[in-house]
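This briefing walks through one protein structure, from its overall dimensions to its strands, helices and a few individual residues. Please keep the sequence and the 3D view open while reading.

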Amino acid sequence: ACPAAAALADWPMWYEESLDGRLAPQGRRDMEQLARRMAARFPALFAARRRLALASSSKHRCLQSGAAFRRGLGPTLDFGGDEVEVEVNDSLMRFFDHCAKFVALVEENDAAMCQVNAFKEGPEMKKVLEKVASALCLPVEELNADLVQVAFLTCSYELAIKNVTSPWCSLFSEEDAKVLEYLNDLKQYWKRGYGYDINSRSSCVLFQDIFQHLDKAVEESKSSKPISSPLIVQVGHAETLQPLLALMGYFKDHEPLLASNYARQAQRQFRSGRIVPYAANLVFVLYHCDHVNASQEEYQVQLLLNEKLLYFHHSNETISTYTDLKDYYKDILENCHFKEECELPKVNVTAVDEL
């Protein structure tokens, strides 16, 4: 009478605590293949005897990701021995942990997730709960949004990690998946995206670090010196990249994501699964151009997100002079100070008032 429940009764529980926080075999393959594609796309940068600077979050899966990326470049590239020294730098790769204002007012503040909680209790999620309860021959009162979300994530993990269609997937239609995707996007929007200014402002320490590396390369090039760090790879988290992209103004919708506007957000730009999928990557490429009409055109930049060119906001082009790019982000580069941004207010205000 209940085929979905019967299929789940036979489902083998393969996940173990020892896997927690570790990179899955598919993740290692993804990083190795990403490195090969990057090397093929930028052969001059990944040429033999080029120096590779590798920084990572302290989390085990990030260190493993960095090692897999290095391994993907193969033994033919000499980066000063097979074991490239990895610099652990949580102040850059996990800046959100070091931002007291973000931790207190967003990360650990239930009120900051009011839109997420409202959507869990809303009509769209209620409909999904009723369908899943019916499929499992359960009273709907025995389910809640969190349990259903775990079931949906189990379905997606088995597909991503094992490339199998899990019996958990049979519980959901495409419309259900869209609702659960929106629930996740709401969380990312309010916790890592445009929901609160501190989400993105806390990433300015990383944004400024990127431009310091680019500045140094420009200075060395102008002085006809060899570029000391031609290839810099920094390995972090979706939670590292999402705020950075928000700081840069990417994937911002005209109206905020709310519990009440699911239908109106059907064509939204902010889709975290597309912006920061597994092995997400953002690449800044600095070019030195010999034959140019003006000196400010000598250094130009491209941005790639997940290996696709991004359009610059200031020009709607996929290439920009370095001067124009710095000018566009001048306020963040000069006026975003991590220590001041992340200080908790000294007066007694409620978290919601402050946000």
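Predicted model: local features only at pLDDT ≥ 70, side-chain atom pairs only at ≥ 80, totals over all residues.

Two strands are taken as paired if DSSP finds at least two bridges between them.

**Overall form and surface**

- The protein contains 17 helices and seven strands, and its C-alpha trace spans about 75 × 55 × 35 Å along the principal axes.
- For 355 residues a compact globule would have a radius of gyration near 20 Å, and the 23 Å found for the protein agrees with that expectation.
- Of the 355 residues, 43% are buried, while the accessible surface comes to about 19,300 Å², with 51% of it belonging to carbon and sulfur atoms.
- Among the contacts between residues at least 6 apart in sequence, 72% join residues at least 24 apart.
- The protein carries 38 positive and 50 negative side chains, and the centres of these two sets lie 3 Å apart.

- Strand S1, which covers residues 52–56, is largely enclosed by the rest of the structure, because five of its five residues are buried.
- In a regular strand the side chains alternate between the two faces of the sheet.
- In S1, Leu52, Leu54 and Ser56 point one way and Ala53 and Ala55 the other way, and all of them are buried.

- Strand S5, made up of residues 299–305, is mostly covered, with seven of its seven residues buried.
- Tyr299, Val301, Leu303 and Leu305 point one way from S5, whereas Gln300, Gln302 and Leu304 point the other way, and all are buried.
- Strand S4 (residues 282–288) runs antiparallel to S5 and is joined to it by seven bridges; within this pairing, glutamine 302 of S5 is the bridge partner of valine 285.
- Strand S7 (residues 320–321) is also antiparallel to S5, with two bridges between them, and threonine 321 in S7 is the bridge partner of glutamine 300.
- S5 pairs with strand S6 (residues 308–309) in the antiparallel sense over two bridges, and leucine 305 stands opposite lysine 308 in S6.
- S5 and S6 form a hairpin with two residues between them, and asparagine 306 in the turn has a positive phi of about 50 degrees.

**Helix H12**

- Helix H12, which comprises residues 238–247, is mostly covered, since eight of its ten residues are buried.
- The buried residues of H12 are Thr240, Leu241, Gln242, Pro243, Leu244, Leu245, Ala246 and Leu247.
- Glycine 249 follows H12 and has a positive phi, near 90 degrees.

**Individual residues in other helices**

- Asparagine 199 has its place in helix H10 (residues 197–201) and is buried, with a relative accessible area of 2%.
- The C-alpha atoms of asparagine 199 and valine 103 are separated by 9.8 Å, although the two residues are 96 residues apart along the chain.
- Glutamine 149 lies in helix H8 (residues 145–162) and counts as buried because its relative accessibility is 18%, the cut-off for a buried residue being under 20%.
- Leaving aside neighbours within four places in sequence, glutamine 149 is in contact with Leu180, Leu183 and Asn184.
- Aspartate 90 belongs to helix H4 (residues 90–93), and, apart from neighbours within four places in sequence, it is in contact with Ser57, Ser58, Phe95 and His98.
- Aspartate 90 and lysine 59 are 31 residues apart along the chain, and their C-alpha atoms are separated by 9.0 Å.

Methods. Residues numbered from 1 in each chain as written. Heavy atoms only, no water. Helix = DSSP H or I, 4+ residues; strand = E, 2+ residues; numbered from the N terminus. Rg over C-alpha atoms; globule rule 2.2 N^0.38 Å. Buried < 20%, exposed > 50% of the residue type's maximum accessible area, 1.4 Å probe, protein only. Contact = heavy atoms within 4.5 Å. Areas by Shrake-Rupley, 256 points an atom, 1.4 Å probe, with all protein chains shown as cover. Lys, Arg positive; Asp, Glu negative; His and termini not counted. Charge placed at Lys NZ, Arg CZ, Asp CG, Glu CD.
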